[in-house]
Amino acid sequence: MKLLLINIKELLQVREDGTQKVSGAAMDQLPSLKNAYLFIKGGTIADYGSMEKLPPFEGFKTIDCSGKIVLPTWCDSHTHLIYAGNREHEFVDRIKGLTYQEIAEKGGGILNSAEKLQKTSEEDLLKQASIRLEEVMKLGTGAIEIKSGYGLTTQAELKMLRVAKTLAKKYPITIAPTFLGAHAVPKEFKGNTDAYVEHICTQMLPRVAKAKLAKYIDVFCEEGYFSVAQTDKLLTAAKSFGLVPKIHVNQFNSIGGIKTAVAHNALTVDHLEVLSDADMEILKQGDTMPVALPGCSFFLGIPYTPGRALIDAGLPLALATDYNPGSAPSGNMNFVVAAACIKMKLTPAEAINAATINGAYAMGVSQTHGSITKGKSASLIITQKIPSYHYLPYSFGSNLIDTVLINGKKV
Ligand code: NIG
Ligand code: FE
């Protein structure tokens, strides 16, 4: 289908210089074109420019975007969108005073979700995940990373990753799959994390890699979950299978995982709610992108990732939802962008960069997503009539999206 958007009040995140990520002060720059048009052909951005220079056209269906802003769809680089059932009872337990860690120690948390998922058929799991994916597409997400990690057995981990693959076939949204076998220590290995790590390396990883079901490896590097040495072992093993690390680290404690992640050339380190000066120095020397998950901080009432300090230190930052049943049961990137502005003191331009171009980088889809660039996927958010893009995080509870296009098609 050939589409033409006309009278776009402002076309945001316009880049033709091959920028893959933005860091430090550059994060506050959001290149744009006012009063613009944009041509879509074959699902990609064919051309765009200023309305005064709109070339003659024929055979295009036009959409009038008067008063509306157009930007690339959100790139959500960290989710656990495939899960079975929910954990609203633990939510109530937390309201009554238990902590996330206390609930996990009682057998709740990730192990609770794993038990449910193991009993759920692949078909049912697909149905549940499809509902969530359809919802986030309507909320403007055009590319998403999805982790396994609620299986914790070879069969159940493979089941989750097959569901991710089926979702990628069923929907136009781009999906980056991540293997997170090291999300928690399953009951069968209680008290023997080393044996579970060995099991992942020798049994799970080869199967996942052979079936080509994951692009990334993730580990929950945290006290009570996987140590730095165990993380190192897992990342080393994953490397031999060509999986790139994107790891959960510094959510509750700074135990040295960032150093290991950077040494392994991890694409991203995610969470970072607790960040030491030494961690910050390591990040500055490395090439790994920090990813903040403000929805998790909001929901658990834990500190927010020091996003302001990371950017002020010259680093890049990506924003993601962490969509999961325990610590962030929401896949709404609009809320994440608003929370980053309100709670982490990012400017709207920084937050939008973190949720588009840097989000694309954080899941390896920069070639096709994250900016308005000729030849990239026509995955676009058309907002309602709004005064400026600052209004998006400002009016944080409202749905300000008029239309979402993914690969040039209306969602
Ligand atoms: O990113 N921290 C580890 N994993 C998820 C939470 C998983 C769960 O509670 O089910 C997170 O917050
Ligand atoms: Fe997570």
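**Close-up views of the interface between domain 1 and domain 2**

**View 1. A salt bridge across the domain interface.** Across the interface of domain 1 and domain 2, 1 salt bridge is found by the rule, in a model that is predicted. Lys21 forms a salt bridge with Asp287, and the closest N and O atoms of this pair are 3.3 Å apart.

**View 2. Polar contacts and the domain 1 side of the interface.** Between domain 1 and domain 2 the rule also finds 11 residue pairs in polar contact, both residues being at pLDDT 80 or more. On the side of domain 1 that touches domain 2, at least two residues each are supplied by strand 5 (68-72), helix 15 (391-394) and strand 15 (401-406), and the largest share, 3 residues, comes from strand 15. By residue class, this side of domain 1 divides into 15 nonpolar, 9 polar and 3 charged residues.

View 3. The protein chain is divided into domain 1 (2-72 + 371-410) and domain 2 (75-361), whose centres, taken over C-alpha atoms, are separated by 29 Å. In this arrangement 27 residues of domain 1 are in contact with 31 residues of domain 2. The two domains bury about 2,300 Å² between them, with 67% of it on carbon and sulfur atoms. Of the area that domain 1 buries against domain 2, 28% is supplied by Lys21, Met27 and Ile406, more than by any other three residues.

**View 4. Glu123 in helix 4.** Glu123 lies in helix 4 (residues 122-138) and is exposed, with a relative accessible area of 60%. The C-alpha atoms of Glu123 and Lys159, which are 36 residues apart along the chain, are separated by 9.8 Å.

Conventions. Residues are numbered from 1 along each chain as its sequence is written. Chains are lettered from A and ligands numbered from 1 in the order in which they are written. This is a predicted model: local features need pLDDT of at least 70, side-chain atom pairs count only at pLDDT 80 or more; totals for chains, interfaces and linings use all residues. Side-chain values use heavy atoms; hydrogens and water are left out. Helices (H or I, at least four residues) and strands (E, at least two) are DSSP runs, numbered from the N terminus. Buried means under 20% relative accessible area, exposed over 50%, partly exposed in between (1.4 Å probe, protein chains only). Domain bounds come from an automatic or database domain assignment. Contact means heavy atoms within 4.5 Å. Buried area is the accessible area (1.4 Å probe) that two parts lose on being put together, summed over both. A salt bridge is a side-chain nitrogen of Lys or Arg within 4 Å of a carboxyl oxygen of Asp or Glu. A polar contact is a pair of N or O atoms within 3.5 Å; within protein, one must be able to donate a hydrogen and the other to accept it, and residues adjacent in sequence count only if both atoms are side-chain atoms. Ala, Val, Leu, Ile, Met, Phe, Trp, Tyr, Cys and Pro count as nonpolar, Asp, Glu, Lys and Arg as charged, and the others, Gly among them, as polar.
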